[in-house]
Amino acid sequence: MKIWKTMFMLIAMVALMISCDKDPGQIEVSWQLVENQYKGRNQHKSEVTFMNNSRYTLKNDNWECYFSWFRSVTDEQESKIIDGETINGDYSKLYPTELFEDLKPGESITFPLIGTHYALNETDAITGCYFVIQQALGKEVIISSGKTEVLPFPENDKLKRASYDHLEVQNAQIRYKENENVKMMDNKDLSPIFPTPNKITLKGDTFALSKNMEIYYYKDLASEASYLQERMNFIFNAKIYRYKFRSKSYQKFSDNYIVLNITDGEPGSYRLEIDPDVGIVIYGADAAGVFYGIQSLFSLFPPDLNKEPERIVNVPRLIVEDAPRFPYRGIHLDVSRSFHGKKEVLHFMELISNYKLNKLHFHITDDEGWRVEIRPIPELTEIGAFRGHTKDHRDHLQPTLGSGPYADPEVGNGSGYYSREDFIEILRFARKHHIEVIPEIDMPGHIRSAVKAMEARYYNYMEENKPDSALMYLLTDFEDTTYYTSAQRYHDNTANPCMESTYRFVQVVIDELVAMYKEAGAPLTTLHIGGDELPRGAFVYSPICQAFLDSQDEYKSVNELHKYFTKRVSAMLREHNVRTAGWEEVACMHEDGHLVPNPTLLEDSITAYIWNNVWGWGAEDLGYKLANTGFPVVLLSANNYYFDFAYNRDPYEPGLYWGGYTDTRSAWEFTPYDITKCAEVTLYGDSISEEMFEGKTRLTEAGKENVLGLSATLWGETTRTWDRVEYMAFPKILGLAERAWSAQPDWASIEDKNVRSVLREADWNHFANKVGQVELAHLDQYNVNYRIPLPGAIIEDDTLKANIRFPGLDLRYTLDGSEPTVNSQKYILPVVLSTGDKVKIAAFNKRGRSSRVVVLP
């Protein structure tokens with residue numbers, strides 16, 4: 001993009017002006033946890049090491065080290081030579097005291113760093129470190145430290161939040177116990193289609209597909225026929241032809257025909273028949289149903305297809321009658337915190353469409369970045385889409401989330417955006433794959449990227465003596481002296497809801513989004529406005545808000561300004577026939593310190609996205625309360641569907657964990673109509689008792705009608721590379737797809753806990769085998785970096801016993817201390833060990849990629 005190229009040139013020029021040194025070297029940084037609950041407080045102690053491999057000597061007055069940290073630097077640091085502070089959000093810095101002695105090239109220094117809360121995994125380390133070194137004549141040298149080295153964690157008993165934390169640190173023995181009920185099944189006993197269809201009738205024998213197949217389609221199914229043709233052409237390395245017919249009563253069939261047609265039925269439903277007498281026939285209740293039938297057809301294809309042009313693909317003869325359980329089957333992708341390009345987003349949509357997910361909740365704005373071009377307000381992407389070292393935010397946003405000092409999309413995760421053309425291409429691709437893209441413009445909180453961009457715009461126009469232009473889209477009351485701290489520790493991330501310029505800004509954004517969707521041929525139906533985590537106490541000392549409150553009688557205090565903003569924006573959206581959606585807060589009010597449904601907002605037809613079901617926090621049933629009140633809801637329960645959470649409590653598993661841990665099973669076992677059926681343990685590892693269910697609201701029959709469906713989230717704080725996105729998303733998404741599409745399993749309605757558990761384990765065994773034997777290999781065809789689970793293993797009576805979560809993966813081991821490879825001994829039966837054996841074992845997929853290595857004593 002021209003703008004990016006211009007900015008790159010400017011950055012290069014500035015770098016040249018700052019320093020003529022071509023290779024300043026590097027100052028490497030390492031971090032290690034020492035102790036949680038340090039000195040009996042809610043804080044932890046770590047140690048940081050600087051290894052000075054640069055050309056510069058660090059003195060007591062010439063450097064600062066900036067970094068990102070999910071923890072705040074405490075006021076009471078133990079180091080006498082280095083102090084620090086948290087600046088804003090996760091952006092922090094360290095700096096020398098007068099006692100700091102010169103750190104010359106080739107020397108290192110280690111010092112303590114005290115941070116708030118606790119550190120339980122590698123995500124809690126400091127990241128994105130860089131040094132700003134002052135030189136003569138006011139010049140600065142900026143040196144990026146690259147990736148922080150995280151040194152080994154202490155013993156497991158130190159990896160606790162506090163004394164009340166009883167959750168065990170994951171190890172091979174725990175995994176072995178968790179996998180005990182998972183046994184290898186005969187592939188013939190597995191459902192041939194994923195997600196599991198409502199009804200499938202196998203006729204025995206197989207049907208052979210070849211490059212001689214022809215596609216016949218009803219005239220309204222041209223897009224679906226084109227999609228089928230493209231995939232078939234790729235698979236058979238041939239040109240397969242398609243022909244249109246104009247009547248739904250079409251009845252010509254042949255063993256080399258694939259027929260796509262429309263029939264009556266529930267939205268999204270389909271019937272797939274494969275038989276030599278008719279060929280392959282897919283009837284859908286609508287175009288989406290036909291598309292899902294096509295996906296079921298491809299689900300039947302063997303996952304290890306070669307690419308020989310003459311190959312024959314054998315699939316079972318069968319009849320499938322299927323329909324989705326929920327109309328909303330979604331995934332949330334946050335590209336604001338960490339930007340991912342158009343290519344990756346298209347690839348992601350291709351993957352999720354294979355599993356019949358039909359909503360992409362596209363989180364394109366937040367505090368850390370504005371990611372879509374809005375032509376009338378170019379500053380949103382010129383400034384708000386880039387992060388790098390800055391003193392005034394006039395050029396770009398501050399670094400955060402490890403993005404480092406350079407505002408360069410090619411270097412870090414903090415910079416980049418979708419041009420108008422990019423965004424329209426994404427929408428068109430989604431439409432072809434029957435995915436609705438629901439954009440999220442998070443406001444009036446979580447909007448720092450726009451706030452800072454509009455402030456820079458204001459200053460630029462004021463310098464040109466154009467006050468009207470300066471004030472046009474301003475989101476800040478400069479006279480507001482309120483001090484607040486947001487959930488992510490920002491003090492300046494809110495748009496003032498009492499300023500008319502705020503609504504001029506919102507109107508332009510809405511108009512531009514509507515126009516882009518229209519041009520893409522995919523009209524905007526829903527805008528997610530976020531509405532979450534507006535800092536309590538914001539706007540208290542805003543003169544503009546005080547004047548607004550004094551000017552009318554409906555809204556009495558600043559606490560009601562959130563509702564005022566929501567209703568006003570909702571009215572703006574209705575002018576475009578666009579529905580308002582938001583996080584649960586947008587449909588609620590505070591009552592006795594708790595969120596409760598606000599029935600006065602029902603008239604605004606707001607869809608509420610429900611995330612907080614963390615057991616023990618008190619809002620486990622808020623989604624049911626909202627649904628029973630009449631609000632349409634989408635369930636994104638954090639315990640089950642926050643896919644950016646770490647897989648388990650292993651210090652080397654990346655991801656957040658503030659609401660617990662999520663894996664494929666937690667996604668699969670969610671019971672949306674009765675969350676008590678999947679409530680096993682609390683955040684801290686304690687068993688959930690029946691008493692915890694007392695007084696909780698249950699979902700009524702009327703409330704069930706308001707549950708639109710399920711979604712999962714991929715927040716971007718830790719998903720900083722695309723490999724990490726895929727690692728956190730897959731195979732978790734398979735559990736979501738099964739639960740969102742397939743009918744409610746029998747065990748989910750059984751009251752007896754023991755009986756329910758037995759049936760659930762048998763069902764999980766079937767699902768785990770389907771994933772391990774088939775679906776992971778399907779993902780391999782797309783080169784997906786899914787997480788390969790670590791083996792479970794124990795040594796019992798001098799015998800190695802091992803198992804795996806997903807049967808179908810190979811276990812390979814060594815006994816000489818060397819690292820297992822794809823050529824190492826394959827584990828089949830328990831192995832008798834000899835004295836001195838050093839066991840290392842890992843899981844491998846069909847392409848030879850492995851899990852991390854497990855070492856047994």
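A charge sits over a ring if NZ of Lys or CZ of Arg is within 6 Å of the ring centre and within 35 degrees of the ring normal. The charged end of Lys704 meets that rule over the ring of Tyr673, 5.1 Å from its centre. This is a predicted model, in which local features need pLDDT of at least 70, side-chain atom pairs count only at pLDDT 80 or more, and totals for chains, interfaces and linings use all residues. Residues are numbered from 1 along each chain as its sequence is written, and side-chain values use heavy atoms, with hydrogens and water left out. Helices (H or I, at least four residues) and strands (E, at least two) are DSSP runs, numbered from the N terminus.

- Strand β17 spans residues 328-334, and seven of its seven residues are buried. Buried means under 20% relative accessible area, exposed over 50%, and partly exposed in between (1.4 Å probe, protein chains only).
- Both faces of β17 are covered. One side carries Tyr328, Gly330, His332 and Asp334. The other carries Arg329, Ile331 and Leu333.
- β17 runs parallel to strand β28 (residues 707-714), joined to it by six bridges. Two strands pair if DSSP finds at least two bridges between them. Tyr328 has Gly709 as its bridge partner in β28.
- β17 also pairs with strand β18 (residues 359-363), in the parallel sense, over five bridges. In β18, His363 stands opposite Asp334.
- Helix α5 (residues 342-354) carries the chain from β17 to β18 in a right-handed β-α-β crossover. Right-handed means that, with the strands pointing away from the viewer, the path from the first strand over the helix to the second runs clockwise.

**The open antiparallel sheet**

- Five strands form an open sheet in the order β4-β5-β3-β7-β8, with antiparallel pairing.
- The edge strands are β4 (82-88) and β8 (140-144), and each pairs on one side only.
- From one strand to the next, the twist averages 20°. Here axes are lines fitted to C-alpha atoms, for helices over the stretch in contact, and angles run from 0 to 180 degrees between N-to-C directions.
- β3 and β7 are joined by five bridges in the antiparallel sense. Ser68 has Thr127 in β7 as its bridge partner.

**Aromatic rings and charges**

- Rings of Phe, Tyr and Trp (its six-membered ring) pair if their centres lie within 6.5 Å; planes under 30 degrees apart count as stacked, over 60 as edge-to-face and the rest as tilted. The count by this rule is 60 aromatic pairs.
- Tyr66 and Tyr130 are a stacked pair, 5.4 Å centre to centre with 20° between the planes. The pair links distant parts of the chain: Tyr66 is in strand β3 (residues 63-68) and Tyr130 in strand β7 (residues 127-134), 64 residues apart. Tyr66 and Tyr130 are both buried.
- Tyr641 and Phe643 make an edge-to-face pair, with 6.2 Å between centres and 70° between the planes. Both Tyr641 and Phe643 are buried.
- One aromatic cluster takes in Tyr328, Trp583, Tyr609, Trp611, Trp617, Tyr642, Phe645, Trp658 and Trp715. Tyr328 also belongs to β17, where Tyr328 is buried.
- Arg849 lies over the face of Tyr786, 4.7 Å from the ring centre.

**A buried aspartate**

- Asp275 is in strand β14 (residues 270-275). Asp275 counts as buried because its relative accessibility is 5%.
- The Asp275 side chain reaches the backbone nitrogen of Asp277 at 2.9 Å. A polar contact is a pair of N or O atoms within 3.5 Å; within protein, one must be able to donate a hydrogen and the other to accept it, and residues adjacent in sequence count only if both atoms are side-chain atoms.

**Backbone exceptions**

- Most residues other than glycine have a negative phi, and most peptide bonds are trans.
- The bond from Phe194 to Pro195 is cis, with omega near -5°. Pro195 lies in the loop between α2 (172-178) and β10 (199-209).
- Met443 and Pro444 are also joined by a cis peptide bond, with omega about 0°. Pro444 lies in the loop between β21 (436-443) and α8 (448-463).
- Glu533 is not a glycine, yet has a positive phi of about 55°. Glu533 sits in the loop between β22 (526-530) and α11 (543-551), and is partly exposed at 30% relative accessible area.
- Asp592, also not a glycine, has a positive phi of about 55°. Asp592 lies in the loop between β24 (588-591) and β25 (594-597), and is exposed at 73% relative accessible area.
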